[in-house]
Amino acid sequence: MARASIIQTNFTTGEMSPRLMSRVDVQKYQNGCELLENFLIMPHGGVIKRPGFRFIAATKTAADTWLIPFKFSTIQAYIIEFGAGYFRFFKDGGQILSTGVPYELAHTYTQDQLANVKFVQSADVLFMFHPQVKPKKLSRTGHTSWTFTDFEFKDGPYMDVNSDTAKKLAVSGTAVGSVTITATGHSPFAATDVGRLVRIGPSTAWSWAVITSFTSATQVTADLKVAASSTSATSDWRLGAWSDTTGWPSLATFFEERLWFANTTQQPQTVWATRSGDFNNFAPSDAAGKVLNDSGLNYTLSTDDVNSIRWMVPGKVLVILTDSGEFTVSASSLYEAITPTNVRVIRETARGVANVKPVLVDKNLLFWQRARRKLREYFYDFNVDGFRSNDATILSEHITLGGMINMDYQQEPHSIVWSTRADGQLIGFTYNKEQEVLGWHRHILGGANARVKHVSCIPGADNDELWVVTTRTIDGGTKQYIERLDPEFYPSSSEDKDGAFFVDCGLSYSGAPITLVSGLDHLKGETVSILGDGSVRAPKVVNSSGQITLDRPASVIHVGLAYIAKLRSIRYEAGGNEGTAQTKTGRVQRLGLRLLNTLGLKFGPSEDKLQEVQFRMGFHNMDQSPPLFTGDQVVNFPGDYDRSRQVTLVADQPYPCTITGLVPWMVVYE
């Protein structure tokens, strides 16, 4: 018989794949868990029970609704509810109202188009893109002053210059204004060309126009923007690259003082860039036909397979992510700015990206691979003088089963990448490369059939804010809500529990002592968890008026749906007299818990054999909850002899819980 006492000092690997359960030879195994649910991994190594989600508002409709972050500054940040035909706006943890009702702005996107709308922001303007819709601008001038308009373009972008001298165009007049454009030798126009641009030569005196109406395949009416040099038919012409005929750009980004666009229906592998410093002007040359360094440019990826561009991410170079590979765009020299004549495009890796927006963490780009199962870590490696795309899910591949829907990054306080899984689970990835903390954790929200559909992060006063769209079964029906993860709880002392918000879909009250709590209409018919003046109160059912009655008054009250945080340890390797302890019978005799600001914790070998950690001492007031505990708890472990010798910890009360280390005392029979 061998005895051993070991310490698990951190949980930085997070929840590990069952396929790793024999890799006791790997250090990351020693830092992992078999299960980590509703706990956050801190960069310091310990785990902390996540705060609760605070109810903000019901969505306008039950149809699928997305969230858009609008970040003007750290103190001017909004969440936009993006539903079919409308925007609604949120700021400072609440919904923006106008004359007592939600402030709302109409738009033209349909329900089927919402998921594929992409956006990029510059100051108070959000540019929005969809391949079937002319690009739009959402502009803000005040909390209740927003406008939604078309994004108008100047002088481009265009398809290639006509190369067939028999195909000509002629304008009916040379003055700026309405003209008729007539084609000879070909029939280039379609009814869907209204709004399309046309550039007309001769090549030494270019002018351009916008088609305003369709007459026939050989004739259209247009608004001439620059005076033409002649009404004679010319073979020097080019049609606009974007229209309802050819499709509109699917995405855009800012890079080197240009606005870059990509991926239309007809040209899915092409990127276009505006003139330097002029974000709606694509003039490919001056009027005399001379290509300048600051002229608009376009480039088509030359590959042996289809590479529809899904995302572009600016940095030291412009990273282009496609269906089949990852590319970088730069000038011929990194010390030069990109011009129409020195564009350099290199294919770096060949993974392929999903249609899920990537996130940039420091200089590392994280993106979901095409099948939405692997999170790739894309970064420059000086050892190979190129970019690499490592698999960040290799140790936890089970956690992404079903595929991921969307993703965002919460920098403060713990550097967590949040993603939603197809089945509605919320997945967190604590990513701190500097400290070698790369750990996965899962989050199951409280309530019946709770699902997280979409996530979005914006900067807040002290922390980045995580906002989610959830669906829940409430009083027998399906409801869709917008909720926000509460800030991390930092008690001022062991007696301070007023800010301990550990319920989901919850609300708070602070004021004179009361017993009747109202305003819970969003939880009618549900059994709720209650923390009143730092003490757990008996669960109550919210009545048809959205009220509950406490058994005794309280002045600080948190009410919401209960959720449970769980941690199940690895199969510890302590060694034996005859080699490994794995597969040998033994048991954990005692367990040391190193805790910080903790209450309401249970332990045992499994979830059906749990005992409570006793935090109440004889000198504590019996009519109050005990103070938050910080220090070591050593308990006799109730486990039987088995081959796993695992520890299960459960925090099922609306209290904080932080675990910084575990020390199991084990005995192993040879």
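## Aromatic rings and paired strands

Ring pairs link Phe127, Phe129, Phe151, Phe153, Trp242, Phe254, Phe261, Trp272, Phe279 and Phe282 into a cluster, where rings of Phe, Tyr and Trp (its six-membered ring) pair if their centres lie within 6.5 Å, and where planes under 30 degrees apart count as stacked, over 60 as edge-to-face and the rest as tilted. This is a predicted model, in which local features need pLDDT of at least 70 and side-chain atom pairs count only at pLDDT 80 or more, while totals for chains, interfaces and linings use all residues. Residues are numbered from 1 along each chain as its sequence is written, and side-chain values use heavy atoms, with hydrogens and water left out.

The structure holds 37 aromatic pairs, and one of them joins Phe153 and Trp242 edge-to-face, at 5.0 Å centre to centre and 80° between the planes. Phe153 lies in the loop between β17 (145-150) and β18 (168-171) and Trp242 in the loop between β23 (237-239) and β24 (251-255), so this pair ties together parts that are 89 residues apart in sequence. Strands (E, at least two residues) are DSSP runs, numbered from the N terminus. Phe153 is buried, with a relative accessible area of 8%, and Trp242 is buried at 4%; buried means under 20% relative accessible area, exposed over 50% and partly exposed in between (1.4 Å probe, protein chains only). The rings of Tyr378 and Phe387, by contrast, are stacked, because their centres are 5.0 Å apart and their planes stand at 10°. Both Tyr378 and Phe387 are buried.

Charges also sit over rings, which requires NZ of Lys or CZ of Arg within 6 Å of the ring centre and within 35 degrees of the ring normal.

| Charged residue | Ring | Distance to ring centre |
|---|---|---|
| Arg54 | Phe501 | 3.9 Å |
| Lys60 | Tyr86 | 4.8 Å |

Turning to the strands, an open sheet of four has the order β24-β25-β26-β27 with antiparallel pairing, and two strands pair if DSSP finds at least two bridges between them. β24 and β27 (297-300) stand at the edges, each with a single partner strand, so one side of each has no neighbour in the sheet. Strand β26 (residues 270-273) pairs with β27 over four bridges, and Trp272 has Asn298 in β27 as its bridge partner.

Elsewhere, strand β46 (residues 548-561) is joined to the antiparallel strand β43 (residues 504-517) by eight bridges, with Ser510 opposite Val556 in β46. Four bridges also join β46 to strand β44 (residues 527-532), again antiparallel, and here Gly532 has Ile557 as its bridge partner.
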